[in-house]
Amino acid sequence: MDIYQLKHFLALASTLNYRKTAENVFIAQPALSRQIQQLEREVGALLFKRDKRNVALTPAGIYLQQEAGRLIEQLEQAFRRTAQIHRGEAGEIRIGHASSAMQSILPKLLVSIREKTPDLRAILMETPNRFQMEALLNREIDVGFSPNIIAPPAISSRVVYTENFVVILPENHPVSPESFSDLSVFAHDSFILPPQSEGSGYVESIQAMCQQHGFLPHIAYESAYSGTVLRLVEAGMGISIEPMSALRGQNLRLKTIDLINVSQKAEMHMLWLTERTTELQPFFTLVDQIL
């Protein structure tokens, strides 16, 4: 088995047409058929169901399509990085981030990258916590920034800053910063929070602070993106709790209450694959310089 067999398998899995695939990859159709048969023998599974008219992936073929596609992308990324190192180029850094990171650490970090390593290209991807973990594990991103996240064992995590949570209210909400006593006054409000499956660690922090005041939040709407949450609150669809930085640069009709006396804090974590710690050290230096 070699990389070309896998690439030709992926091409056929995409078109499900031997003639078209053979033309696209510039080999004869019989040669393509032999490659696929050899691949099936090597993996010990039937990958395609064939008859005179149709070609379809088997369940085993669907699985291999997903895994082989990921492997080929990782290998090609490794080739690109290798060539960049050979040419003395800085390459690229792919950064996954939560919404609040764009209102806090990321603008300063991007300015630092531009000034100190102008050949380093930064690629940004805003994503919920769960997808950020998957992207790190699949090497689709290099580092991530997310608040109050619970990272799996293969991923290292470091707190880069801490800030207060704030309650975000519509302008006409009866509770004001002056009349606010503690979170129990919101026990009967509807909340707008990230889905728990997509905000691992973050949602638990909010639930814990509410539980300490005798209730669990009633969740009316779910969104993993701060911009969407803030606009739903502005429209009167509920209230929310967000890191203070989520409000920066926003021009919305809202009331906010700074949770100064709440023990839970919003902790922005930088995350990366532990096995890539040495490789990413120059990037960590850039982060340290802006903190």
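Me: Are helix 2 and helix 3 roughly parallel or roughly perpendicular to each other?
Reply: In this predicted model, local features need pLDDT of at least 70, side-chain atom pairs count only at pLDDT 80 or more, and totals for chains, interfaces and linings use all residues. The axes (lines fitted to C-alpha atoms, for helices over the stretch in contact, with angles from 0 to 180 degrees between N-to-C directions) of helix 2 (residues 18-25) and helix 3 (residues 29-43) come within 9 Å and cross at roughly 100°. Angles under 35 degrees count as roughly parallel, over 145 as roughly antiparallel, 65 to 115 as roughly perpendicular and the rest as oblique. Helix 2 and helix 3 are therefore roughly perpendicular.

Me: Which residues of helix 3 make the contact with helix 2?
Reply: Residues are numbered from 1 along each chain as its sequence is written, and side-chain values use heavy atoms, with hydrogens and water left out. Contact means heavy atoms within 4.5 Å; helices (H or I, at least four residues) and strands (E, at least two) are DSSP runs numbered from the N terminus. From helix 2 come Tyr18, Arg19, Thr21 and Ala22, and from helix 3 Gln29, Leu32, Ser33 and Ile36.

Me: How many residues of the contact of helix 2 with helix 3 are charged?
Reply: Ala, Val, Leu, Ile, Met, Phe, Trp, Tyr, Cys and Pro count as nonpolar, Asp, Glu, Lys and Arg as charged, and the others, Gly among them, as polar. Four of the contact residues are nonpolar and three are polar, and the number charged is one.

Me: At what angle do the axes of helix 1 and helix 3 cross?
Reply: Helix 1 and helix 3 are roughly perpendicular to each other. Their axes come within 10 Å and cross at roughly 105°.

Me: How many nonpolar residues does the contact of helix 1 with helix 3 have?
Reply: Helix 1 gives Tyr4, Gln5, Leu6, His8, Phe9 and Leu12, while helix 3 gives Leu32, Gln35, Ile36, Gln38, Leu39 and Glu42. Four of these residues are polar and one is charged, and the nonpolar ones number seven.

Me: What is the phi of Leu16?
Reply: Leu16 lies in the loop between helix 1 (3-15) and helix 2. Leu16 is partly exposed at a relative accessible area of 33%; buried means under 20%, exposed over 50%, and partly exposed in between (1.4 Å probe, protein chains only). Its phi is positive, in a residue other than glycine, and near 55°.

Me: What is the relative accessibility of Arg139?
Reply: Arg139 is found in the loop between helix 7 and strand 5 (143-147). Its phi is positive, near 60°. Arg139 counts as partly exposed, with a relative accessibility of 28%.

Me: Is Gln132 buried or exposed?
Reply: Gln132 sits in helix 7 (residues 129-137). Leaving out residues up to four places away in sequence, Gln132 touches Gly96, His97, Ala98, Thr127, Ile141, Gly144, Phe145, Ser146 and Leu271. With a relative accessible area of 0%, Gln132 is buried.

Me: What arc do the buried residues of helix 9 cover around the axis?
Reply: Ser226, Val229, Leu230 and Val233 are buried in helix 9 (residues 226-234). They are on the same side of helix 9, because the arc (that of the directions from the helix axis to the C-beta atoms) is only 95°.

Me: Which helix do the buried residues of helix 9 pack against?
Reply: Their partners include strand 7 (165-170), strand 8 (190-193), strand 10 (240-243) and strand 11 (254-258). The helix they pack against is helix 5 (99-102).
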